[in-house]
Amino acid sequence: MQDTLIRTVANLGHFEARGEGALQAYLRGALMNRIRDEIRRKRRTPDLGALDATIPAQGRSPLEAAIGAESLAKYDRALERLDDEAREAVIARIEMGCSYAEVAELMGKPSADAARMAVSRALVKLAQEMRRG
Amino acid sequence: MAEEPLLNAAARIADGEVIDWGSITDSLRSEEDRQTADELALVAQIAAGHRQLHQILPGDPETPPELVPDRARWGHLELLNVVGRGSYGTVYRAWDTRLERLVALKLFHGASNPEAVMQEGRMLARMRHEHVVLVYGADVLDGVAGIWMELVHGRTLENIVKGQGPLAPADAAAVGVEVARALTTVHAAGLLHCDVKAQNVVRESTGRVVLMDFGAGRLAPEYRDADELSDVAGTPRYMAPELFVSGATASKASDIYSFGILLYFLVSGRFPIEGRTLGELKRAHEAGTFTPLREMRKGLPSAYYDVVSKALDRDPTKRYDSAAAMQTALAAVAARGTTRPIFSDRRAWMASAVVAALIVAALVVQSICAPATPDVRSIAVLPMRNLTGDPSKAYVADGLTEVLISNLARIRSVRVPSFAAVGPLRNETPSPAIADKLGVELLLAGSISQANDQIRLAVHLTDRNGSLVWGDEVTRELAGVMSAQNDLTRRLAQRLTLDVGTDSPTLGANARAQDAYLRGLALRVSSPNTQEEAARAFREAVDLDPGLADAWAHLSLIETLFAERPVTPDRERSRILAREMAERAIGLDPSGPNGHAALGSIQFYSDWDFAAAEQSLRRAVDLSPSAAFARQRYAMLLSALGRHDEAIALAREAQRIEPSVALRSTTLGTAYYYAGDYSRAIQEMRRGLAVTPDFGVSHFGLGRIASAQGRHTEAIAEIERALAQSRNSGWLVELARVYAAAGRRADVERTLNELDVRQRGGDTFTLDNLAYIAAAEGRIDDAFILLEDSFSRRLMSMLWIRVDPRVDPLRNDPRFDALLTRMKLRP
């Protein structure tokens with residue numbers, strides 16, 4: 001998962017600034033791309049939940065080591081079942097660490113507070129999905 | 001529709017806050033919701049994991065981190081305060097109740113995977129090295145996993161460089177040698193550190209350098225960068241260029257690169273690649289906009305440049321192939337450099353956050369070395385008036401008054417009465433009468449007032465006739481009042497042609513920490529009954545800024561007070577805590593008088609190590625010639641040792657500085673009493689009464705003197721007068737002894753019964769007092785049994801038995817000499 005950070009940077013690619021508005025539009029697009037990449041990547045990742053969760057730590061990501069591959073797989077499956085907006089909210093805030101202002105910008109919410117609300121609701125939906133397995 | 005508690009919990013996860021899952025689950029009605037809460041708890045862990053990986057601060061930067069432990073105990077560890085907050089958990093300063101020592105405890109909140117925590121514990125435990133933080137144990141208790149380890153006291157290299165500026169190359173190389181050794185150990189254990197940075201290297205006051213990684217993506221604010229990038233990420237500036245490429249993984253070479261950045265930062269306070277966002281950093285790496293150290297800071301030894309540029313080579317294969325190779329190169333630089341203490345007293349003094357925020361820094365430092373000026377001036381600082389119209393700002397006024405007093409007190413050529421002297425003169429205007437009462441030539445009066453969003457600080461200095469000598473004012477935001485004070489005092493010192501240095505103290509202290517510190521000071525000087533509250537405020541201050549040396553010193557002094565109460569829940573624990581806090585204060589600011597005064601008090605009262613206590617208290621007096629407190633305690637130490645002339649001289653000087661404080665006269669009187677000079681003792685006790693009519697301590701002192709002279713009726717009358725002023729059980733038990741000396745057995749019984757009733761209410765006295773009663777009644781064997789018991793408890797109240805006339809009936813017994821020998825009090 002350290003890759004997430006590295007890829008985030010790598011994916012920003014080349015960009016020529018043409019004033020602040022352009023930069024904002026670019027950043028918004030770049031963030032959106034990162035989020036969608038993340039979603040695509042998740043779909044490619046084999047479901048580790050099916051494997052024995054007690055396999056040696058070798059080759060596991062730090063996140064899996066700390067949380068357990070099974071739990072992480074359950075989370076990913078539930079995330080997959082959410083609607084796009086909720087999924088993007090979760091990934092932007094929880095996985096990418098975007099500020100609420102950025103999340104608002106991304107999701108077209110009127111304010112950071114509204115974005116916080118949207119993320120909170122998405123997290124509850126996510127947990128409800130996880131409960132279903 | 002989700003239940004409210006679930007939404008709130010979700011919002012807290014999104015904010016990156018710690019959550020009490022137990023109470024949330026309890027508040028939910030349906031089993032379904034409870035299951036959802038369990039899943040949310042898992043999401044919280046995953047969110048924390050991501051933050052850890054991103055090294056990104058959760059929540060908005062202005063969201064204050066929680067600063068008090070959210071639980072009081074974990075197994076045998078008692079949580080004291082939060083040291084840092086990592087994404088996987090929180091790091092606490094804790095008390096190990098089994099081994100009776102302070103530890104750092106990292107708790108992994110929520111239902112963590114215990115095996116992963118144990119694995120981290122085992123991994124850390126594999127690295128036993130002087131320069132790597134030492135792990136003591138790991139466990140899972142009440143569903144919370146934790147690792148406890150050695151508590152490292154000191155300042156991060158980040159904090160040091162930000163506070164006092166870049167290091168000299170030889171110093172940086174010397175620190176580098178130790179970091180290299182630590183990193184070699186990490187690599188030898190088959191591990192990568194992955195987060196070598198100035199925030200993760202701590203230098204202890206002893207000079208030991210410790211590499212740590214609390215896995216804290218989110219540390220307490222004092223460790224945080226002040227600049228913009230930190231709000232996004234702290235670590236990327238230390239990231240090797242190859243890590244900015246997709247699919248890259250960390251390696252020994254990337255650790256070496258981070259180490260190179262650290263070495264760059266140590267001598268420049270800057271980074272070769274700057275950027276406010278990850279994207280900017282990546283582009284800077286791509287564009288090769290790298291500022292070589294040679295350009296950033298000129299004039300360093302070329303060997304230092306060579307080490308840094310080799311470590312920072314873009315090509316990982318061209319970097320040092322091991323940390324050990326770097327150690328060798330750095331050792332050569334360190335050896336060639338001029339050797340001087342890395343953090344000299346002076347620099348450490350300047351660097352300490354609180355001291356930096358305080359006044360006339362350079363001046364005080366100079367006064368340490370300068371011989372006493374014959375022309376000693378005396379200035380009294382009247383309590384600042386609070387003209388803000390907001391009574392809740394009163395503490396700012398009082399706190400600043402105390403700051404000003406204690407800083408002027410550190411100037412050798414100035415005599416400044418303490419708050420105890422000026423406190424009663426609140427709202428008085430400067431006048432000859434006030435100057436005479438305080439025994440000073442000059443009076444400094446001031447006020448704080450509100451000016452829009454800012455605080456205006458105004459002061460004026462007058463001579464004893466009230467003529468204005470100097471006046472000045474500064475307007476600042478509330479957070480900046482300490483620096484305003486600083487400016488004013490420097491100008492004042494200039495006006496008085498006191499020698500002011502050119503160094504301007506840096507303001508490392510965080511504004512909220514300063515605020516809590518001022519509140520603590522205001523409570524500290526306000527009354528003996530507000531000491532616990534003061535301790536809470538100081539505790540808050542050091543939680544926000546562990547660099548506040550003076551706050552640690554006050555905490556230690558208050559803890560000592562608690563440790564030596566007749567009844568205290570855990571005397572040994574308080575003593576150890578007090579010592580730790582005093583040592584911390586001194587480590588942070590070796591020239592702060594309060595730290596030495598606190599340590600001296602512990603060495604005297606708790607350790608009974610009189611030589612060490614004398615050294616500490618003498619240092620405190622040297623550092624702050626006006627500090628009546630240290631002087632008074634030193635005088636009492638000398639009395640206990642039978643060095644009466646010195647004790648009397650010290651107490652007399654304290655009285656001269658603060659003639660308006662009755663306690664200074666009674667201390668002098670007590671020194672005479674122990675010296676057996678009863679007529680002078682009476683004279684000084686009466687002087688105390690002239691200053692403060694009906695002063696209880698004076699009456700008590702007069703009672704003891706009268707008793708020693710066999711004037712029993714008068715002794716009883718005086719102690720009853722003292723008791724009319726204060727319900728002090730220590731005084732009441734002395735009344736019982738005076739009755740015993742007078743042969744009034746029935747009154748002794750009656751008084752002891754009253755004490756017995758009080759004792760059941762928790763109000764008590766120390767055991768040695770019963771020995772003095774037994775001595776007065778001629779029950780010599782009983783007296784020795786009681787003294788033995790007191791000795792085994794190390795009761796501080798028996799420290800004066802060598803000179804105390806109340807034990808005269810015991811002196812001819814060989815057991816008395818033996819006791820003095822064991823107490824190390826024999827002449």
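Predicted model: local features only at pLDDT ≥ 70, side-chain atom pairs only at ≥ 80, totals over all residues.
Of the 827 residues in chain B, 53% are buried. Among the contacts of chain B whose separation is 6 or more, 63% are made by residues 24 or more positions apart.

The largest nonpolar core contains 141 residues, and those with the most contacts inside this core are V381(B), A541(B) and W552(B). The greatest contribution to this core comes from helix α31 of chain B, which spans residues 729-741 and supplies nine residues. When neighbours within four places in sequence are left aside, the contacts of A541(B) are with A513(B), A516(B), Y517(B), G520(B), L548(B) and A551(B).

Strand β10 of chain B, formed by residues 377-381, contains A380(B). This residue, A380(B), counts as buried because 27 C-beta neighbours lie inside 10 Å, where 20 or more are required. If residues up to four places away in sequence are not counted, A380(B) touches V416(B), P417(B), V422(B), L438(B), V440(B) and L443(B). Between A380(B) and V414(B), which are 34 residues apart along the chain, the C-alpha atoms are separated by 10.0 Å.

An open sheet of chain B is formed by three strands in the order β7-β8-β9, with antiparallel pairing. Strands β7 (155-156) and β9 (209-211) of chain B each have a single partner strand and stand at the edges, so one side of each is left without a neighbour in the sheet. Strand β8 of chain B, made up of residues 201-203, is joined to β9(B) by three bridges, and the two run antiparallel; V201(B) has L211(B) in β9(B) as its bridge partner. Helix α6 of chain B, covering residues 169-188, packs on this sheet by touching β8 and β9 of chain B, and the direction of the helix makes about 35° with that of β9(B).

Helix α5 of chain B, which runs over residues 157-164, is mostly covered, with seven of its eight residues buried. The buried residues in α5(B) are L157(B), E158(B), N159(B), I160(B), V161(B), G163(B) and Q164(B). Just after α5(B), a positive phi of about 90° is taken by G165(B).

Methods:
Residues numbered from 1 in each chain as written. Chains lettered and ligands numbered in written order. Core = buried A, V, L, I, M, F, W, Y, C linked by C-beta atoms within 7 Å. Buried ≥ 20, exposed ≤ 12 C-beta atoms within 10 Å, placed from the backbone. Helix = DSSP H or I, 4+ residues; strand = E, 2+ residues; numbered from the N terminus. Contact = placed C-beta atoms within 7 Å. Pairing = 2+ DSSP bridges. Axes fitted to C-alpha atoms, helices over the stretch in contact; angles between N-to-C directions.
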